[in-house]
Amino acid sequence: MLAAAVLTGLLIVILIALRPSGPIPADVAALPDFKQWPAGPDRKRQFFSFMRPLLEAENARVLADRQRLQRIAEHPADLGWLDRRRLASLAEAYRIEDPGLSDGALIDELLLRVDAVPVSLGLAQAAKESGWGTSRFAAKGFNLYGQLSAQSQYPPALCRLPTAARPAA
C-alpha cells in the first residue's frame with residue numbers, strides 16, 4: 001500500500017514538473033478522441049502510442065535535472081549563484097517548502113524526488129485513472145492522472161498537462 005502511494009506521488013511530481021518545462025509540442029494540442037476506437041486492444045494501442053513519447057520526453061527532462069543536481073551534490077561547499085538558483089527552482093517545482101533547509105539537506109531531499117518514473121508505470125496509471133483517455137476530465141481538461149473531482153479542490157493548473165493551446169500557469 002505504501003509503495004502504491006509513493007509511486008502515485010512520483011507521478012504527481014512528474015505532472016508538477018511538467019509545469020515549468022512549457023507546453024507540450026504544438027502538434028499535441030489536445031488528447032485524441034479515444035472513444036473513436038472500440039474498447040479493447042485498438043484503444044489501448046492508440047492510448048499507449050500517444051502517451052509513450054510524452055512520458056519518455058518528460059523522463060528525459062527530469063533525468064537531465066537529476067544529472068545537474070548530482071553535479072551540484074559533488075561539491076556542495078562550492079555552490080555559486082546559478083547553482084543556488086537551480087536548487088531553488090527545483091525546490092519550488094517539487095514543492096519543498098522548508099526555507100530552513102541547509103544546502104546539503106535540500107540537495108539530499110531533491111535527490112529523493114528528482115528521478116524518472118518507469119514509462120510502464122506512467123502508462124498504467126494514466127490508463128487506469130483516465131479510463132484509457134475517455135474520462136470527462138481527460139477529454140475536457142487533458143487530465144490523465146485523476147487529480148480533479150467534481151468538487152475540484154485542486155487548482156486546475158496543477159491537474160492537467162499544459163498544451164500549445166493552454167500553456168502552463
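Predicted model: local features only at pLDDT ≥ 70, side-chain atom pairs only at ≥ 80, totals over all residues.
Let's start with helix 2, which covers residues 41-74 and holds Arg66. Is Arg66 buried or exposed? Its relative accessible area is 17%, and buried means under 20%, so Arg66 counts as buried. Leaving aside residues up to four places away in sequence, Arg66 touches Leu111, Val114 and Asp115.

Ala64 also has its place in helix 2. Here the relative accessible area is 28%, which makes Ala64 partly exposed. Now follow the chain to Ala116: 52 residues separate Ala64 and Ala116 in sequence, yet their C-alpha atoms are 9.8 Å apart in space.

## The largest nonpolar core

Next, the cores. In soluble globular proteins, nonpolar side chains tend to be buried together. In this model, the largest nonpolar core has 15 residues. Which residues have the most contacts inside it? They are Leu31, Phe47, Phe50, Met51 and Leu144.

Helix 2 provides the largest share, with five residues.

Not counting residues up to four places away in sequence, Leu31 touches Phe50, Gly133, Ala138, Ala139, Phe142 and Leu144.

## Another core

Note on methods
Residues numbered from 1 in each chain as written. Heavy atoms only, no water. Helix = DSSP H or I, 4+ residues; strand = E, 2+ residues; numbered from the N terminus. Buried < 20%, exposed > 50% of the residue type's maximum accessible area, 1.4 Å probe, protein only. Contact = heavy atoms within 4.5 Å. Core = buried A, V, L, I, M, F, W, Y, C linked by side-chain atoms within 4.5 Å.
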